[in-house]
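Here are my notes on the model you sent.

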Amino acid sequence: MSLCLYNERLNNLSLKFIKKRETNKCGAKMVIYDSADAVKYHYGKFPPQNFQYTEPLIQILMRATNAIARYDQMLKNMHNSEILLAPLRNQEAVISSRMEGTISTMDEILRYEADHDELETGQARSDVIETILYQRTLKMVQQALLEGAPLSSALIRQAHQGLLSFGRGARKSPGEYKTEQNYLADQNSKKILFVPISPEQLQTGMDTLFGYIDRGEHNALIKIALTHVEFEALHPFKDGNGRIGRMLITLMLWQSGLISSPHFYISGYMEQYKDDYIDKMRNVSMRDAWEDWVMFFLEATSNQAIQNLEVAENIRQLYEELKIKFAEILSSKWSVHVLDFIFTHPVFRNNRFTQKSGIPSATAHKFIKILVEHEILLEIDPASGSKSAMYSFEALMEKVRV
């Protein structure tokens with residue numbers, strides 16, 4: 001039996017997304033994987049019918065709800081949250097992609113975007129391209145919901161198409177549900193760890209999931225927790241399931257009204273406790289451990305809300321401090337325009353600043369010189385030939401690097 005391996009690494013076990021083929025068409029080595037101890041999808045058990053609101057669960061639910069409320073109050077108080085919290089979206093793209101074995105850095109992503117409006121093959125490592133695709137897909141889906149699109153199977157397929165639309169992902173059926181059985185396996189031990197729902201029953205499973213999203217009566221946070229574990233257990237796509245599943249958390253938090261703008265990202269906690277994350281999801285199918293999973297998810301939400309609030313407050317405080325300083329050192333009606341530009345584009349080339357900021361060219365050049373002199377901007381790539389100099393807004397970068 002020949003097995004093709006698809007990279008869907010979730011933790012240090014080197015989890016891989018694999019699928020049977022009769023011939024080794026993808027060029028992978030022929031390897032026999034042991035499925036004797038594999039956990040299988042929990043057919044007929046979603047949504048759980050006898051979910052118990054135990055005292056420990058209620059306590060952690062209250063903590064998570066309060067933490068989310070504090071974070072959302074900060075969002076409501078931000079008049080320009082899209083500018084100030086865009087770095088959190090970039091951070092989420094890096095971490096969520098890293099959980100799947102796609103390794104890139106915030107600096108790589110922003111340096112690439114400073115030079116390219118469109119994605120171009122051969123201009124960056126494939127890992128960088130995949131992370132940028134995640135960031136852009138998340139922004140695209142957020143905009144679709146803002147314009148009134150329902151959170152539906154069609155929207156999730158659209159998100160998947162965007163996520164895998166370019167580079168190596170384009171060979172993995174973007175936007176299409178799986179037609180062959182897939183598995184999660186430990187590459188080192190050659191053991192299959194989890195067998196998701198069969199492709200023959202996938203559509204029924206997805207219909208049940210989105211019916212639950214629309215009409216389920218559980219508390220909103222518990223509904224999001226159950227939706228996430230069910231989506232990962234269905235594993236509907238050839239690749240990208242983890243990233244789409246974590247994206248779904250942000251979208252549901254926003255759609256449910258728990259957050260007032262689409263800026264809440266949970267992958268930082270999931271990566272930090274990735275072994276528990278995976279084990280507790282598997283235990284849902286293996287032991288009907290729905291409550292245990294929900295408690296883990298609520299703990300993750302509570303802790304991540306506190307961490308996100310701290311980062312966002314640091315970003316907001318930096319913005320307010322620099323608003324005063326820019327007015328002093330630039331002495332111009334354009335000072336807030338300059339500030340908003342460098343928060344939105346913390347890595348940029350000089351020519352893009354002059355083209356996109358809306359500031360007269362001579363004035364824009366003068367501003368850059370002043371900001372470099374005051375060590376607010378750091379030149380990271382000097383001008384060379386037709387390329388203008390590249391600058392980094394290090395005070396912001398230091399707060400969001402992961």
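**Notes on the predicted model**

1. Start with Gln181. The backbone oxygen of Pro196 lies 3.2 Å from a polar atom of the Gln181 side chain. That side chain also reaches the backbone oxygen of Ile197, at 3.5 Å. Gln181 sits in the loop between α5 and β4. With a relative accessibility of 18%, Gln181 counts as buried, because the cut-off for buried is under 20%. Bear in mind that this is a predicted model.

2. Lys172 lies in the loop between α5 and β4. Its side chain meets that of Asp239 in a salt bridge, 3.1 Å from N to O.

3. Next, helix α5, residues 153–163. Its buried residues are Ser153, Leu155, Ile156, Ala159, His160, Gly162 and Leu163. In an α-helix there are 3.6 residues a turn, so residues three or four places apart point the same way. What do the buried residues of α5 pack against? The partners are α4 (126–146), α6 (199–215), α7 (220–234) and α8 (241–255).

4. His218 is worth a look. It lies in the loop between α6 and α7. Its side chain makes a polar contact with the side chain of Tyr212, at 2.8 Å. Neighbours within four places in sequence aside, His218 is in contact with Pro48, Phe51, Tyr53, Tyr212, Lys223 and Leu226.

5. On salt bridges, the structure holds 17. One of them joins Asp107 and Arg401, with the closest N and O atoms 2.8 Å apart. Arg401 is partly exposed, with a relative accessible area of 33%.

6. Helix α3 also supplies Asp115. Asp115 forms a salt bridge with Lys387, where the closest N and O atoms are 4.0 Å apart. That value deserves a check, because the salt-bridge criterion is within 4 Å. Lys387 lies in the loop between β7 (378–381) and β8 (390–392), 272 residues from Asp115. Lys387 is partly exposed, at 46% relative accessibility. Asp115 is partly exposed too, at 27%.

7. Now the largest pocket. Its volume is about 550 Å³. Of the 22 residues that line it, the closest to its centre are Glu113, Gln135, Lys139, Thr344 and His345. Elements giving two or more residues to this lining are α2 (81–98), α3 (106–115), α4, α12 (335–344), β6 (347–349) and α13 (350–356). Which element gives the most? It is α2, with five residues. By class, the pocket lining has eight nonpolar, five polar and nine charged residues. How many cavities of 30 Å³ or more does a search of the whole structure find? The search finds one. The largest cavity has a volume of about 120 Å³. Ten residues line this cavity, and the closest to its centre are Leu184, Phe194, Glu232, Met281 and Arg282. The elements that give two or more residues to the cavity lining are α7 and α10 (274–287). By class, the cavity lining divides into seven nonpolar, one polar and two charged residues.

Notes:
Residues numbered from 1 in each chain as written. Predicted model: local features only at pLDDT ≥ 70, side-chain atom pairs only at ≥ 80, totals over all residues. Heavy atoms only, no water. Buried < 20%, exposed > 50% of the residue type's maximum accessible area, 1.4 Å probe, protein only. Helix = DSSP H or I, 4+ residues; strand = E, 2+ residues; numbered from the N terminus. Contact = heavy atoms within 4.5 Å. 1 Å grid on protein atoms, 1.4 Å probe; cavity = no way out; pocket = protein on both sides within 12 Å on 5 of 7 lines; lining within 4 Å. Points joined across faces, edges and corners; volume = space filled by probe spheres on them. Nonpolar A, V, L, I, M, F, W, Y, C, P; charged D, E, K, R; others polar. Polar contact = N/O pair within 3.5 Å; in protein donor to acceptor, adjacent residues only side chain to side chain.
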